[in-house]
Amino acid sequence: PLSEYTLIAPLLPPQPSAAHLVGRTLDEVEEELIRNTLEVANGNREAARMLGIAERTLYRKIDKYRLRS
């Protein structure tokens, strides 16, 4: 059976390894993940679902990282 990850993984930018995460703060990594997810998601509701967080939490993080366009 296909998992949700199997369905969305092809939409996410490929990452060669976790090496690009070394030396970065958790906030920096989280901001990048949210930004990338917002680019491929069909709206904030879907982005929140893909990230496994509540919409309200996503909106707080969008404000925190100033990701509103």
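Which residues in H2 meet which residues in H4? The model is predicted, with local features needing pLDDT of at least 70 and side-chain atom pairs counting only at pLDDT 80 or more, while totals for chains, interfaces and linings use all residues. Residues are numbered from 1 along each chain as its sequence is written, and side-chain values use heavy atoms, leaving out hydrogens and water.

**View 1. Contact of H2 with H4.** Asp27, Glu30, Ile34 and Leu38 in H2 meet Leu58, Lys61, Ile62 and Lys64 in H4 (contact: heavy atoms within 4.5 Å; helices: DSSP runs of H or I, at least four residues, numbered from the N terminus). Four of these residues are nonpolar, none polar and four charged (Asp, Glu, Lys and Arg count as charged; Ala, Val, Leu, Ile, Met, Phe, Trp, Tyr, Cys and Pro as nonpolar; the others, Gly among them, as polar).

**View 2. Packing geometry of H2 and H4.** Helix H2 (residues 26-40) packs on helix H4 (residues 55-64) at about 115°, with the axes 11 Å apart (axes: lines fitted to C-alpha atoms over the stretch in contact; angles run from 0 to 180 degrees between N-to-C directions). H2 is therefore roughly perpendicular to H4 (65 to 115 degrees).

**View 3. Buried face of H3.** In helix H3 (residues 44-51), Ala47, Ala48 and Met50 are buried (under 20% relative accessible area, 1.4 Å probe, protein chains only). They fall within an arc of 160° seen down the axis of H3, so they line one face (arc: directions from the helix axis to the C-beta atoms). Gly52, with a positive phi near 75°, follows H3.

**View 4. Buried face of H4.** Leu58, Lys61 and Ile62 are the buried residues of H4. Their arc is within 105° down the axis of H4, so they line one face of the helix. These buried residues pack against H2 and H3.

Methods
Helices (H or I, at least four residues) and strands (E, at least two) are DSSP runs, numbered from the N terminus. Angles under 35 degrees count as roughly parallel, over 145 as roughly antiparallel, 65 to 115 as roughly perpendicular and the rest as oblique. Buried means under 20% relative accessible area, exposed over 50%, partly exposed in between (1.4 Å probe, protein chains only).
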